[in-house]
Amino acid sequence: MKMSDVAKLANVSPATVSRVLSNPDLVSKETREKVMEVINKVNYKPHIVARQFRTKETKIILVVVPDITSAFFSKVLRGIEHVAVQNGYQVILGDTENDTEREQEYINLLLQKQADGMVLLTARQDKAQLEEIAEHFPMVLACEYMDGLNVPTVSIDNISSARKATEHLIQQGHTKIAHITGPINVILSRDRLRGFQQAMMSHDLEIDSAYIQEGDFTFESGYHQMLKLLALETPPSAVFVFNDEMAMGVIKAVKDSHLSIPEDVAVVGFDNIKMSSVIEPNLTTINQPKYEIGKKAMELLLKLINGESLQKKKFVMKDELIVRESSVEN
C-alpha cells in the first residue's frame, strides 16, 4: 500500500496524506479524520526510507560490540538504550565477533547514512580512519579507547585499576603472582598488563615471563591457561585475570586440580559481572560502572547529533576494587 493509494481511497492528493502524517495541524479536522480512517482501515505504514530522504534523519543509533555473548556489555547496552529511547531513538546492534572486517562493515552503514550516529564499544580500526569518520559523522567510543585518538571517549583508567587489583594481591602477602591477559592486540589487554607490571616493579617483585599467559576473553581460555600455570615447577600463589569470565575458568581449574581458593591460589578478576558475586567462592574484582558508561556515551552522541560542540572529549569513569572471598583468607 503506497501513499498514492491512500490518497486515492480518501479522495485527496498524496501531499495532503503526507501533511496529515508529518504536520497534521496544517490540515482541516474533517480531511484529517477522513485520511486517518483510510490509513487505519488499510493499515498503511509510511515508508521509512522515503521519510529519511525528506527529513535526513533515521532516528536510529548503531551500537557496535566486539562480542554480544559477553556478560559485560549487556549493562553498557542497557545504559545506551535507556537514554536513546527517552530521546526518541531506536538502537540497532552490530556484533563484530572481534573481527575488524565486520567492524568496518558496520561503520559503512553510518557512512551510507543508515543511522544518525554510532557508539563503538570496540576499536580495532586504523586510528586515522576513525578520526576522519568522526569529523563527518556523530561517533563516540566507549569501554575501549586508543591513545591520542581525537574522538569522544568514555572509559575507566585500565592501567591504574589493574595496578590496584595487583596491589591488593601483594598486600595479601603474595609474591608469586601470575597474570592471564586478554588478546595482546587489544589495547585494554596491553593496559591491564602494564598496570600489573607497574605494581610488581614498584614492590621489587620478579615478573616471571612464564607467569604471563594470553587468554581470549572466554571461560575456556581462563581454564586452560590456569592449568598451564599450575603445571609449572613453581606455580603462582595468586593470579590477576583480565576479566571475570576467564577468572571463573581459573577458579574451576584450581578446584579441578584439588586445590583451594584462596588458600592455595588467590584469584582477582575484572568487570564485576553479575556471576562474580554468585560463583563459589565469590570473586574479588574491579567494578566498572557499566550502565553509567553506556548512559554517558549516548548522552555525548546526542549532543553530537544535535550539532553541539563538546568542550571535553575524554571521560574517565570511576572504578572500584570489590574484595570478596577469592582473594582473602578468613
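**View 1. Strand E6 and the directions of its side chains in this predicted model.** Along strand E6, the side chains of Ile 177, His 179 and Thr 181 point one way, whereas those of Ala 178 and Ile 180 point the other way, and all of them are buried. In a regular strand, side chains alternate in this manner between the two faces of the sheet. Because five of the five residues of E6 are buried, the strand is largely enclosed by the rest of the structure.

**View 2. The open sheet around E6.** Four strands, in the order E7-E6-E8-E9, make up an open sheet with parallel pairing. Strand E7 (212-214) and strand E9 (266-268) are at the edges and each has a single partner strand, so one side of each is left without a neighbour in the sheet. From one strand to the next, the twist averages 20°.

**View 3. The partners of E6 on its two sides.** Strands of a sheet pair through backbone hydrogen bonds, in either a parallel or an antiparallel way. E6, which covers residues 177-181, is joined to E7 by three bridges, and these two strands run parallel. In this pairing, His 179 has Ile 212 of E7 as its bridge partner, while Ile 180 stands opposite Gln 213 in E7. Four bridges link E6 with E8, again in the parallel sense, and here the bridge partner of Ile 177 is Ala 238 in E8.

**View 4. Two helices lying across the strands.** Helix H8 (residues 158-171) lies across E6, strand E8 (238-241) and E9, and runs at about 165° to E8. Helix H9 (residues 187-202), in turn, lies across E6, E7 and E8, and runs at about 170° to E6.

**View 5. The largest pocket and its lining.** The largest pocket holds about 320 Å³ of space. It is lined by 23 residues, of which Ser 70, Phe 73, Phe 217, Phe 242 and Asn 243 are the closest to its centre. Helix H5 (71-86), H9 and helix H11 (244-256) are the elements that each give two or more residues to this lining. Sorted by class, the lining of the largest pocket consists of 10 nonpolar, six polar and seven charged residues.

**View 6. Asn 272 in its loop.** Asn 272 sits in the loop between E9 and strand E10 (285-287). Its relative accessible area is 17%, and because a residue under 20% counts as buried, Asn 272 is buried. Leaving aside residues up to four places away in sequence, Asn 272 touches Asp 244, Thr 285, Ile 286, Asn 287, Lys 290, Ile 322 and Arg 324.

Technical notes:
Residues are numbered from 1 along each chain as its sequence is written. This is a predicted model: local features need pLDDT of at least 70, side-chain atom pairs count only at pLDDT 80 or more; totals for chains, interfaces and linings use all residues. Side-chain values use heavy atoms; hydrogens and water are left out. Two strands pair if DSSP finds at least two bridges between them. Axes are lines fitted to C-alpha atoms, for helices over the stretch in contact, and angles run from 0 to 180 degrees between N-to-C directions. Contact means heavy atoms within 4.5 Å. On a 1 Å grid over the protein atoms alone, a cavity is a set of points where a 1.4 Å probe fits but cannot get out, and a pocket is an open set with protein on both sides within 12 Å along at least five of seven lines; lining residues have an atom within 4 Å of a point. Grid points are joined across faces, edges and corners, and a volume is the space filled by probe spheres set on the points. Ala, Val, Leu, Ile, Met, Phe, Trp, Tyr, Cys and Pro count as nonpolar, Asp, Glu, Lys and Arg as charged, and the others, Gly among them, as polar. Buried means under 20% relative accessible area, exposed over 50%, partly exposed in between (1.4 Å probe, protein chains only).
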